[in-house]
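The following paragraphs lead the reader through a structure, from one pair of side chains to whole chains. Please keep the sequence and the structure in view while reading.

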Amino acid sequence: MTAIDVAIICLMAICVVVGVGEPLVRRLSYRPHGRECDNETERLLLQKEMLYGAIRDLDFDFQTGKVDQKDYTELRQQLEREAVQILRQLDAVDPLVAFDNELEQQVLALRQRRTSTSCGSDRESCSSCGTPLEEDENFCPFCGQALRLS
Amino acid sequence: MSKQHVKLSIGVMVIVTSVAYLIFSGATGSTMYFLTVPEVQQKLTALKGEPVRVTGKVTEDPIDWDMRNLSLAFVMGDGQSRIPVRYKGVKPDMFQTGADVIVEGRIGHDGVLAASVLMTMCPSKYQEEKSPGL
Amino acid sequence: MSDIGAAALKFAFVAAIYAVVIALLGVRLRRQEMIRSAERATYGVFGLVTIAMVALLYALLAHDFRLQYVASVSSRAMPTFYVIAALWGGQEGSMLPWLWLLAMYSALVVVQNRHRNRELMPYVISTLMTTTLLFLAMLVIVEDPFRQLPHAPRDGQGLNPLLQNPLMVIHPPNLYLGFVGFAVPFAFAIGALASGRLDTQWIRSIRRWTLVAWLFLGVGILLGGQWAYVELGWGGYWAWDPVENASLMPWLTGTAFLHSVMVQEKKGMLKVWNMVLIILTYALSIFGTFLTRSGIIASVHAFAQSSLGPYFLLYLAGILIIAVTLLVKRLPQLRSDHRLESVVSRESSFLFNNLFFVGIMFAVLWGTMFPILSEAVKGVKISVAAPFFNQVNIPLGLGLLFLSGICPLIAWRKASVRNLRRNFLYPFTLSFVITAALYTLGIRHVVALISFAICLFVFGTIVLEFYRGTRARRAVSGGTIWQAFVSLIRRNRRRYGGYIVHFGVVLLFVGITGSSAYQIEQNVVLRPGESARVGAFTLQYDDLTRMIESTHEAFIAKLTVGRDGKYLTTLYPEKRLYFAQNQPTTEVALRTSLFEDLYIIMAGFEPSKIVTFKVFVNPLVFWMWMGGLVMVMGTVIAIWPERRPSGPGRQHTAGQVEMTAIQGTN
């Protein structure tokens, strides 16, 4: 073991000790782990994400023909109801989120109204594949046929 | 939703039972005793005709390698015990006197182990070997 | 230089202990600075281990034969490429690269999560550093790569020539990356359990880590098979050898985990199951390492009996006890968020596929461990041979393949049975028609037919999925077919990347089926000038020549290969005698095509130049490796990061919630 080796080894040791010890010496300010409120918000946000994901999946499954119209309408309404509920809960818990969510709430409510009314008898069917349609649909969601423009 | 749960449980049970059945029936078919040469000598009469896997070393007895018929005859041993082996196949590169071998086959009435599988390991300890065995 | 390396390892050992202790203290006493210090220590361990790696590499390249390891795995005559590979090609060396990878992963995890997952990180760090300690302990105490010989030999022994092959260079690192990679998801699982943060956040954080580990492990397994095929000369690629099984088992549970994790992300179900799976996967990879390195089971991967065994077992027992205790403690909090809505849903098909994977894993585990268990229980070792594994795993594997075809046809939550039946029809028809065609063309092997039928079916469902998806995409946003196709994949990387991986698996099965069911094996004894016919090939043995190279002496046979009367290629099977070793090695002559492999070895030769050739014709092997490549492609697509949407005011909370825009689905 040469003198250079010893020097390098000492250097190594010093670097490690300094690097590791520095935060202790500097004493970072203590940041408390999440307040209860934060955790609740986060939980609700995660749930909201999950629901939105489920709605997206459902839409896609319908478009690719794995779910028929009846199941689709039924499931979607269920999911939208749950989503609106979560949004309301979020409002109550964290006012900061409220503005963001107001917009989403309105969009969801709009869609909910549209889906529930289109369950009536005055629904049109796609001329190409026969899938029942909602109002103001530009393309048939099942076969892609272009429809009348609204 | 318990109707769905019942259906699910049935599906799960079907799969689990099939797996268990496959394992059980497969195991009873392809198992064999894994013995050392002395152990084989002890139970020689009982083992005749049974599939067996034996571990030992290649002794210093003459090795007969018939290249044209791919037939290898040698003796494997462990201490005082010995067993003659006849293997039909390619002589593994690692194969030589003193090498550790694992042999699978059946012992015939003549006391010779007719081997279908021959695995060789290098006699030296520090090298790792991956030997063409089968 | 090597002294620096040795010292670096010892310092790393101390630093790792420190990291474990201070991280746990920091979370108990709620002091941020302690946790930051633990992070620094993690970086420190990485730096020190890197120095040790560099030192060993330097010693190898400089032929410092004073080091026992360098002397045993390298020699002056070895090409530089393989000298570098000797870093992992031996008993002692192969621990250090492994340790380095683990240290690198740990440092990477810490960097990635500087501002995230703060509640989990102390536990993640201490778990990762404990694993690092395992390897450091083995390296420092038992198998020191820097151990010196009393005097330096003039030349080293050199690496076993069987290992001097490019495949052998990349096969171990891939496996290590896989094995070590699973330490990260495991550490996060422990972190989630220990901290009580059991929501899906930990799962999202580890998604890419798990995929990467799984990818490398899978590639490592395939490379091992390819190496065995090309190098070992017995005409096959998988022998259900204990070491092969050891790498397969964590891959099986890892694949199950990748699927069931999606169920938890979407519906908050299977939480306990996922915990069990990741613990099992990690335990199996440690166990696999143990099986490979301890020499406890007779195998062609015959590492010498080493004293490392107890270390692994102790560590394994330790982490299992801790993991299971934590799991039981948190059981009440791990209840599902939702219930299963329908048996005909993607969730339940994932559950079934998990059962298959775990079933196969269990069968392999049983077959591998049976000799040891029977010895412990009955006092006599009972061996399990290859037929057992094939008998059990072929039906299960085919069943799994079939499931992978059905599953894309099923919707999440609840699928409409009528739609399902209709969707089933197209791929089924395709499969039926082509299988019938194959039958008329002469393919009569029952299992092969079933396998091809299922492969075609799965292929059909994948094509259908891409077709439908592209059409739906076009309906929503117009554009050309190609644009819609690309946009579809881009927005649904996980799903369509996954389908591509499934397609790779189909190709893999095609290759396995062809080469297993229709292999031709023939021995031919020829004098120079004679020919023989094997399968559709004509082989003419021209001559046997002897050549002397710098490292070995070679006996090379020249074979002219023809087919249907026309010249195809010339093949040169060899027998080599390396000067540093005293056994011959066999060099396989291989000609690959899309349809079949022509595989020839010299089983023996006489001074009269009469040679016995062993000839194999292995159909469809090319598609196995092709399948592996496709699987890699699919995984890369699935891993590729998506553009993060920059929405205002999206992050309110201390921990970040990964927000994906309303674009993609899985």
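With which residue does C:Lys609 form a salt bridge? The partner is C:Asp543, and the closest N and O atoms of the pair are 3.0 Å apart. The two residues link distant parts of the chain, for C:Lys609 lies in the loop between strand S11 (596-605) and strand S12 (611-619) of chain C, whereas C:Asp543 belongs to strand S5 of chain C, 66 residues apart. A salt bridge here is a side-chain nitrogen of Lys or Arg within 4 Å of a carboxyl oxygen of Asp or Glu. Helices (H or I, at least four residues) and strands (E, at least two) are DSSP runs, numbered from the N terminus. Both partners are partly exposed, C:Lys609 with a relative accessible area of 30% and C:Asp543 likewise at 30%.

The model is predicted: local features need pLDDT of at least 70, side-chain atom pairs count only at pLDDT 80 or more, and totals for chains, interfaces and linings use all residues. Residues are numbered from 1 along each chain as its sequence is written, chains are lettered from A and ligands numbered from 1 in the order in which they are written, and side-chain values use heavy atoms, with hydrogens and water left out.

Strand S5 takes part in another such pair. The side chains of C:Asp542 and C:Lys558 meet in a salt bridge of 3.7 Å, N to O. This pair also links distant parts of the chain, with C:Asp542 in strand S5 (residues 537-548) and C:Lys558 in strand S6 (residues 552-563) of chain C, 16 residues apart. C:Asp542 is partly exposed at 21% relative accessibility, and C:Lys558 is partly exposed at 35%. Elsewhere in chain C, C:Arg66 and C:Asp64 form a salt bridge at 3.5 Å, N to O. Over all chains the structure holds 27 salt bridges. In chain A, A:Asp59, A:Arg76 and A:Glu80 are linked in a network of them.

C:Glu347 is located in helix H13 (residues 346-378) of chain C and is buried, with a relative accessible area of 2%. Apart from neighbours within four places in sequence, C:Glu347 is in contact (heavy atoms within 4.5 Å) with C:Val263, C:Lys267, C:Leu340, C:Trp412 and C:Arg413.

C:Phe428, C:Leu430, C:Phe432, C:Val433, C:Ile434, C:Phe459 and C:Val463 form a nonpolar patch with about 600 Å² of accessible area together. Patches are made of residues with over 30% relative accessible area and no salt bridge; like charges are joined within 9 Å, and nonpolar side chains (Val, Leu, Ile, Met, Phe, Trp, Tyr) within 5 Å. Accessible areas come from the Shrake-Rupley method with a 1.4 Å probe, and for residues only the protein chains shown count as cover. Helix H15 (417-440) and helix H16 (446-477) of chain C each supply at least two residues of the patch, and H15 gives the most, with five.

Chain A has four helices and zero strands. Of its 150 residues, 41% are buried.

Chain B comprises three helices and eight strands, and 48% of its 134 residues count as buried.

Confidence is given by pLDDT, the predictor's score for each residue from 0 to 100. Chain C has a mean of 86, and 92% of its residues reach 70 or more. Chain A averages 71, with 53% of the residues scoring at least 70. Within chain A, confidence is lowest in helix H4 (residues 95-117), at a mean of 60, and highest in helix H1 (residues 3-26), at 87. For the complex, the predictor gives an ipTM of 0.83 and a pTM of 0.86.

Key:
Buried means under 20% relative accessible area, exposed over 50%, partly exposed in between (1.4 Å probe, protein chains only).
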